[in-house]
Amino acid sequence: MGNRSSLLLRKEEIAQIRNETGFTANQIERLYSRFTSLDRGDLGTLSREDLLRIPELAINPLGERIVDLFHADSGNNCDRINFLQFMRGLSKFRPIRPNKPNKQNNRMEKVKFAFDMYDVDNDGMISKDELLVILHMMVGANISEEQLSIIADKTISEADIDEDGLISFDEFSKTFEKSDIEHKMSIRFLN
């Protein structure tokens, strides 16, 4: 302890964050230090640009969408998120521990986060146009428009059980039934 970041977090705040996210006190303090180093304006909040300075997000082709979801999950329409909102977002990427259930970090929350990545217009359905937006982010100009369109059409036809041309959350969830999303959407956080 003794550094600026650990002095600003009270024990009650650490306990609340532990309870909501499942992170250990040590992880919370380390992530708070990282949070404060990203907070260039020393406002106690992070902007989209602050989050995109995280190297792992900066190089991730879906980094912009992840940042969008961190802000959407904050429950406010503000351009900035506070530390608790930051930790709630990160908690979705914690490895799942069956003996320590957590409302922010379970299989269904991971599937919902993945669905929300594709649901660009937030209408609760994934359209071909939304698939194309995400495919463009993931592959850039490495695949032709025609190939991307074929991939989007095939994805819709395979997942669209009710044949309405859209993928609902239930249909999306069914595609992940045999997937190891628990591990694919996990980041190892240091203790």
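Mentor: A charge sits over a ring if NZ of Lys or CZ of Arg is within 6 Å of the ring centre and within 35 degrees of the ring normal.
Trainee: Where does arginine 94 lie?
Mentor: Over the face of phenylalanine 23, at 5.4 Å from the ring centre. Lysine 112 also has its charged end over a ring, that of phenylalanine 169, 5.9 Å from its centre.
Trainee: What kind of model is this?
Mentor: This is a predicted model: local features need pLDDT of at least 70, and side-chain atom pairs count only at pLDDT 80 or more. Residues are numbered from 1 along each chain as its sequence is written, and side-chain values use heavy atoms.
Trainee: New topic. How many aromatic pairs does the structure hold?
Mentor: It holds 11. Rings of Phe, Tyr and Trp (its six-membered ring) pair if their centres lie within 6.5 Å; planes under 30 degrees apart count as stacked, over 60 as edge-to-face and the rest as tilted.
Trainee: Why is the pair of tyrosine 32 and phenylalanine 83 edge-to-face?
Mentor: Because their planes are at 80°. The ring centres are 4.7 Å apart.
Trainee: Which helices does the pair link?
Mentor: Tyrosine 32 is in helix α3 (residues 25–38) and phenylalanine 83 in helix α7 (residues 83–91), 51 residues apart. Helices are DSSP runs (H or I, at least four residues), numbered from the N terminus.
Trainee: Is tyrosine 32 buried or exposed?
Mentor: Buried, with a relative accessible area of 11%. Buried means under 20% relative accessible area, exposed over 50%, partly exposed in between (1.4 Å probe, protein chains only). Phenylalanine 83 is buried too, at 6%.
Trainee: Which residues form one aromatic cluster?
Mentor: Tyr32, Phe35, Phe70, Phe83 and Phe86.

How values were computed. Helix = DSSP H or I, 4+ residues; strand = E, 2+ residues; numbered from the N terminus.
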